[in-house]
Amino acid sequence: MSHRSVYRFALARSPRGLPRRHDYGVPHQKRHVKRATFRDCGRRCVYCAARLGLEAATLDHVIPLSRGGNHAPGNLVAACIACNQLKGSMLPVEFFTRFPWAGQNFMRYARAAHRSVKRGARRAVSLAFAEAA
Ligand SMILES: [Zn+2]
């Protein structure tokens, strides 16, 4: 073995070919996260259960970033723009207490969400129905 082989380490490759149009401005990692989240949520809005295309879907932070949520996959769900705006910066418990239907859909479709979030959703929904009854 010659000493030259010692220096053959792998350099990071620059991407080959021309960038495709939809790649501009969208970091690869972010696109990947959105696609994975979208798939895990059954290609639906987890709040109103409407079927969505990838373009119409937005990433929603279950616990909003402004309320101490993080960008981890367990805190991300796919939502339509209307539901995302409706939820705004509400915590899931606040949102599901006010809109129990959203909580029911959330429990059905937000499979990738962290179980602590789903537990909170279940409690909020049952509370909301108990008050309505
Ligand atoms: Zn929706």
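Biologist: What is the mean pLDDT of the chain?

Modeller: This is a predicted model, and the mean pLDDT of the chain is 85, with 79% of its residues reaching 70 or more. Where pLDDT is low, the predicted coordinates should not be read in detail.

Biologist: Which helix has the lowest confidence, and which the highest?

Modeller: Confidence is lowest in helix α1, residues 28–40, at a mean of 88, and highest in helix α2, residues 81–87, at a mean of 97.

Biologist: How many helices and strands does the chain have, and in what order do they run from the N terminus?

Modeller: There are 5 helices and 2 strands, and from the N terminus on the order is α-β-β-α-α-α-α. Of the 133 residues in the chain, 27% count as buried. Among contacts between residues at least 6 apart in sequence, 63% join residues at least 24 apart.

Biologist: How many residues are in the largest nonpolar core?

Modeller: That core has 27 residues, and those with the most contacts inside it are C45, V46, V77, A78, A79, F96 and F106. Two or more residues each come from β2 (76–80), α3 (92–98), α4 (100–109) and α5 (115–132), and the largest share, 5 residues, is given by β2. As background, nonpolar side chains in soluble globular proteins tend to be buried together.

Biologist: Let's look at β2, then. Which of its residues are on each side?

Modeller: L76, A78 and C80 are on one side of β2 and V77 and A79 on the other, and all are buried, with both faces of the strand covered. In other words, 5 of the 5 residues of β2 are buried.

Biologist: And how many bridges join β1 to β2?

Modeller: Strand β1, residues 57–61, is joined to β2 by 5 bridges, and the two strands run antiparallel. One of the pairings is that of D60, whose bridge partner in β2 is V77, a residue already mentioned among those with the most contacts inside the core.

Biologist: How many residues does α5 have, and how far does it reach?

Modeller: α5 has 18 residues and reaches 26 Å from its first C-alpha to its last, which is close to the 26 Å expected at 1.5 Å a residue.

Biologist: Changing topic, where is G74, and what is it in contact with?

Modeller: G74 lies in the loop between β1 and β2, and, leaving aside its neighbours within four places in sequence, G74 is in contact with A112, A113 and H114. With 16 other C-beta atoms within 10 Å, G74 is partly exposed. The C-alpha atoms of G74 and S116 are 9.6 Å apart, while the two residues are 42 residues apart in sequence.

Biologist: One last thing, what is phi at R43 and at A49?

Modeller: Phi of R43 is near 55° and phi of A49 is near 65°, each a positive value in a residue other than glycine. Most residues other than glycine have a negative phi. R43 lies in the loop between α1 and β1, and A49 is found in that loop too. R43 counts as partly exposed, with 14 C-beta neighbours inside 10 Å, and A49 counts as partly exposed with 19.

Notes. Residues are numbered from 1 along each chain as its sequence is written. This is a predicted model: local features need pLDDT of at least 70, side-chain atom pairs count only at pLDDT 80 or more; totals for chains, interfaces and linings use all residues. A nonpolar core is a set of buried Ala, Val, Leu, Ile, Met, Phe, Trp, Tyr and Cys residues joined through C-beta atoms within 7 Å. A residue is buried if 20 or more other C-beta atoms lie within 10 Å of its own, exposed if 12 or fewer, and partly exposed in between; C-beta atoms are placed from the backbone. Helices (H or I, at least four residues) and strands (E, at least two) are DSSP runs, numbered from the N terminus. pLDDT is the predictor's confidence in each residue, from 0 to 100. The expected span of a helix is 1.5 Å times one less than its number of residues. Two strands pair if DSSP finds at least two bridges between them. Two residues are in contact if their C-beta atoms, placed from the backbone, lie within 7 Å.
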